[in-house]
Structure formats: structure tokens, C-alpha cells
Amino acid sequence: MGFYAHWIFPRLMDWVLGTRRVQERRREALAPVYGSVLEIGFGTGLNLPHYPGAVTWLTALDPEPLLPKRVARRTSEASIPVELVHCSAEVLPFEAGRFDCVVSTWTLCTIPDVGAALREVRRVLKSDGKLVFLEHGRSDDVRIAKWQDRFNPLERLIACGCNLNRPIDVLIDQAGLKIARLERFLMPGVPRIGGEMYQGTAVLSGESRG
């Protein structure tokens, strides 16, 4: 990682995604999480204060150690045990059916092979497990979606691979997961090309894990 991606961008995202309004959405999104949890795209640990008491263990995965001092402080203050793992979500180093829940917040926009990552999520979930997600993505408004497509190359450059135009619900469905609940909304104070939100849960579709 370069200087910008390793030091500047993580601090910027920690600030942008740590606002009170965003934290309230995190708390709401994480309310149904329980048991042994895998969080993909752990980042700087902004979800940690919002995990409910039903969570017994958190495996926090990110390909790079971002702001390690800040992460160490947040994990030490967490009310649940946290295991940090640095690897890609496209190839998870866990056995099938290990986790009760997988959490993804503002992560599916950036993973290079998001389809592979979601198939891995499906593999490591227990048969009655769930994916809990809070993501930005492609607008249902055709005009906004066209602007997302236009600005996406610039977004990928300045936001370290983030994509504005991924249809999150479609990607989850294509990976063999079934969306159980989905809320679409606009994040207040954010331009529509980046503020089109997907929040919900998905479960195994009943097909083989592959």
C-alpha cells in the first residue's frame, strides 16, 4: 500500500464513517447479530461499540492492518473477545459452517472479486446463519445510476478501489444467498451518487455450499 492508501485515506474514512448519523445506522444494522461472528472489512473497528450482547466472539478480517494503534485501543475496549485476521475475503481461511453471522459494512464496494468473497461468506456460514450488511451501491434511479457509472473511475482512484455502482442486492443473490430483509434509503447529507444505501440480512438459499 502507498502512503495515501495506508495513512491518509484510512483517517479520512474513520472520520467520515464515524459520524453520529452513521454510527446510529451501524447500531441498527448490527442489532440482529449473535454468536460467533466474522466481520469482513473490519477497517479501523468502528463497528465494535455497536455489537449487541448476544455476540460471543468476533473474528475481524481485513487485508491490511489499518491505523494499528487506533485498532488496538478499540479492540482492548471492546466488550467481546476480538481476533484480528489479515487476509482477503475472497479466500477465507476458515472451515465451512463456522460462523453464526457474517457482517459487512461499507465493504462490498471495494473487494476486487466481490462475487468470490460472497461465495466464501456463504460457505463459512452455518446452515441457519445470516449475512448482515450495510452498504452503499447502485441507485434504482436510472439517471443517478448513469452518473455513478461516469464518476466510478474517479471514485476508484481517490477512494482506494471503492465502486459507486455495484448492485448490492443482485450480487448477494448471485452468490447463492437469499435476502431476508432489505431497506433502501438515502444517507442524509451525502450526494446521491454515494449515498444510495442497502441495509438488511441474507440467509443461505438452500443450495449446496459448493
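User: At which residue of α1 does a kink lie, shortly before the proline Pro10?

Analyst: In this predicted model, local features need pLDDT of at least 70 and side-chain atom pairs count only at pLDDT 80 or more, whereas totals for chains, interfaces and linings use all residues. Residues are numbered from 1 along each chain as its sequence is written, and side-chain values use heavy atoms, with hydrogens and water left out. The bend at a residue is taken as the angle between axes fitted to the seven residues ending there and the seven starting there, and in α1 a kink of about 35 degrees lies at Phe9.

User: Which elements do the buried residues of α3 pack against?

Analyst: Helices (H or I, at least four residues) and strands (E, at least two) are DSSP runs numbered from the N terminus, and buried means under 20% relative accessible area, exposed over 50%, partly exposed in between (1.4 Å probe, protein chains only). The buried residues of α3 are Val71, Arg74 and Thr75; seen down the helix axis they fall within an arc of 100 degrees, so they line one face of α3, the arc being that of the directions from the helix axis to the C-beta atoms. With contact meaning heavy atoms within 4.5 Å, these buried residues pack against α1 and β3 (82–85).

User: Is the aromatic pair of Phe94 and Phe99 stacked or edge-to-face?

Analyst: Rings of Phe, Tyr and Trp (its six-membered ring) pair if their centres lie within 6.5 Å, and planes under 30 degrees apart count as stacked, over 60 as edge-to-face and the rest as tilted. The rings of Phe94 and Phe99, both buried, have their centres 5.2 Å apart and their planes at 90 degrees, so the pair is edge-to-face.

User: What is the angle between the ring planes of Trp147 and Phe151?

Analyst: Trp147 and Phe151 are 4 residues apart in helix α5, and are therefore separated by about one helical turn. Trp147 is partly exposed at 44% relative accessibility, and Phe151 is partly exposed at 35%. Their rings form a tilted pair, 5.9 Å centre to centre, with the angle between the planes at 35 degrees.
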